[in-house]
Amino acid sequence: MKRLTLLLTALALAGCAQQRVAGTDGGPVTVKVIAFNDFHGNLEVPGRPVDVQTADGTVVKVPAGGAAYFATVVKRLKAQAKYSVVVAAGDLTSASPLPSSLFLDEPTVTAMNMIGLEITSTGNHEFDRGTAELLRLQKGGCEKLTNRQPCQLEPFKGAAYTYLSGNTVRADGSSLLPGTTIKRFGTGKNAITIGFIGLTTRMTATYVDPAGIKGYSFADEAETANRLVPALKAQGADAIVVLVHEGGYPARTDQPEKCDGLSGPIVDIVNRLDPAIDLVVSGHTHRAYVCEMPKGDAARPVLLTSAGNYGPFLTDITLTFDPVTKKLMAKSARQVVVQGDGNLSAAGPIKPVAAFPTVPADPAVAALVARYVKAAGPMANKVVGRASAAIDRDEDSEIRESPLGLLVADAQLAATRKDGAQLSLMNPGGLRASLTPDPDGTVTYGDLYAVQPFGNNLQVMEFTGAQLRAVLEQQFSNIDGPKVLFTSGLTYSFDQSKPEGQRIIAPMVAGQPLRDDATYRVALSTFLGGGGDGFSTLTKGRIVAGGMVDLDALVAYFGGGKTIDPPALGRVRNMTPEGWKAK
């Protein structure tokens, strides 16, 4: 097998028409797989640049992404090969900025059609608005299935690409969406056939509102993939590609062409895959990496890729086949930076970085984006308050506080005091972006929408002190891994080295010790109260009052006339001994 190409290289901007296309003269046949994941409706260039290490070891901040630039890079990559396919690994929609989310992500689906996406797995966020709305994204139409009105600007034709989700199953074993598809490159007996398997994370049920996925469960990713392999082989697949919305965590986030120290669920998934699987395009963890990983057949390691989140990279993958035997001879991948002409963020202009090429915006996609940005403008630009500084979301850990998490918890408690709430709990996964005010401190509705785009309702639930203690304990035995809830009105310390049931130390509500036999009223979202993010203990409470939408509570908190400061950390203290490791 040829050595894996790991260099982050400049995209060839000219001369593509003169390039020799492999396979036209009896030589090896190459198929280019252009891959990405976790776009999350970022039609515009994200305001936050991505850190990338250059060839000389310098880490630079690159204003990368944006649908119009994305389209240009895809077009140029396709021009370099006779055979190509554009694929994705889920979460293309939802948890999106206002210009997409306000319109039920219809503009993002339309943009993906224009970009030329052909096949995608279904991410957990595609289920945020329920299975019926997901099917509408695939098929099109204007049926109102959520609290937002579809087709606000124009009729919605649906996705021209195919959603795959082979492990989203009903009780009878049938699947919500197809699990596989086949694509052939060339004609007749010389055609190369590639089979695709699409999967979402088996943890999806812990991430979305249970009401939206009623009747469905999410099977093991590797077991499902292996079960689907024989049918693809029977259809003549010369290679098999898995698009899976689950991923890993490399040791560094600024080396998108490497995967040193890779950890996370994708490692176990790949280790259990059938040796017939050649390429895994992954996602979900918002990390970028390219690597080879061993599996059942040591002579055929699997190529594993991920392109980060919000569209900063496209992964350019080359599969090379013997034209006679059709055997896959080699596979390689590189990350291509999607850099346009820069961006204007709340903190000021972000200029292009000379280390990477820039591309022009695709005019048609740029016009689509501009149309929806303009339509969202009156709401997005409405001033709702002021902040004294940026209020950050901690993206590196779910077992420590962040100022933004505490701010949202404070807003929820303030909105539900009238219903007797004494404390509030907020989950880390419900926050999607840090809050960065304008230089003069102005905070807009669009800024807050970027923080909380899901539209969950708040509610007040009653718990005994003993039940609350069980909730806090579950933070460290959660099925989805340890995660600390953000609190308001509640303080405590924890020691993860202690046995289960003894890890929570000195919990206090409003400055008084938590009593196991007392009853407390807790503000939280309906998502969290329904067991979301794996917190099954929260389903034990009794609902006593409904509340406003979580975003409205945050808007109201900023609307009080005072300038909001970033909350001080320290409500939850980690007392775990340094050097302690989980068993």
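Which residues of α1 are buried? In this predicted model, they are Ala67, Ala68, Tyr69, Phe70, Ala71, Thr72, Val73, Val74 and Leu77.

Helix α1 has 13 residues, and from its first C-alpha to its last it reaches 18 Å, close to the 18 Å expected at 1.5 Å a residue. Its buried residues pack against both strands and helices: the strands are β1 (29-36), β4 (84-88), β15 (313-321) and β16 (328-337), and the helices are α3 (106-115) and α8 (363-380).

The largest nonpolar core holds 84 residues, of which Phe36, Val62, Leu314, Leu435, Leu448 and Phe558 touch the most other members. Helix α1 (residues 67-79) gives this core its largest share, eight residues. In soluble globular proteins, nonpolar side chains tend to be buried together.

Phe558 is one of the core residues that touch the most other members. Leaving aside neighbours within four places in sequence, Phe558 is in contact with Val384, Gly385, Arg386, Ala387, Leu407, Leu435, Val443, Leu448 and Ile564. Two of these partners, Leu435 and Leu448, are also named among the core residues with the most contacts to other members.

Val555 lies in helix α13 (residues 550-558). Not counting residues up to four places away in sequence, Val555 touches Val384, Tyr445 and Leu448. The C-alpha atoms of Val555 and Thr444 are separated by 9.0 Å, while the two residues are 111 residues apart along the chain.

**A three-stranded sheet**

An open sheet of three strands runs in the order β21-β19-β29, and its pairing is mixed. β21 (442-444) and β29 (563-564) are the edge strands, each pairing on one side only. Strand β19 (residues 383-387) pairs with β29 in the parallel sense, over two bridges. Ile564 in β29 is the bridge partner of Ala387. Both Ala387 and Ile564 are also contacts of Phe558.

**His286**

Where does His286 lie? His286 is in the loop between β12 (277-281) and β13 (288-293). Its side chain makes a polar contact of 3.3 Å with the side chain of Asp38, and another polar contact, of 3.2 Å, joins the side chains of His286 and His40. Not counting residues up to four places away in sequence, His286 touches Asp38, His40, Gly308, Asn309, Tyr310 and Arg432.

**Cysteines**

How many disulfides does the count come to? The count comes to one disulfide. Cys142 and Cys151 form it, with their sulfur atoms 1.9 Å apart. The link of Cys142 and Cys151 is left-handed, with -95° about the S-S bond. A disulfide is a covalent bond between the sulfur atoms of two cysteines.

| Residue | Relative accessible area | Class |
|---|---|---|
| Cys142 | 41% | partly exposed |
| Cys151 | 16% | buried |
| Cys259 | 17% | buried |
| Cys291 | 3% | buried |

Buried means under 20% relative accessible area. Cys151 counts as buried because its relative accessibility is 16%, and Cys259 is buried because its relative accessible area is 17%. Cys291 is buried as well, with 3%. Cys142, at 41%, counts as partly exposed.

How values were computed. Residues are numbered from 1 along each chain as its sequence is written. This is a predicted model: local features need pLDDT of at least 70, side-chain atom pairs count only at pLDDT 80 or more; totals for chains, interfaces and linings use all residues. Side-chain values use heavy atoms; hydrogens and water are left out. A disulfide is a pair of cysteine sulfur atoms within 2.5 Å. Buried means under 20% relative accessible area, exposed over 50%, partly exposed in between (1.4 Å probe, protein chains only). A nonpolar core is a set of buried Ala, Val, Leu, Ile, Met, Phe, Trp, Tyr and Cys residues joined through side-chain atoms within 4.5 Å. Helices (H or I, at least four residues) and strands (E, at least two) are DSSP runs, numbered from the N terminus. Contact means heavy atoms within 4.5 Å. The expected span of a helix is 1.5 Å times one less than its number of residues. A polar contact is a pair of N or O atoms within 3.5 Å; within protein, one must be able to donate a hydrogen and the other to accept it, and residues adjacent in sequence count only if both atoms are side-chain atoms. Two strands pair if DSSP finds at least two bridges between them.
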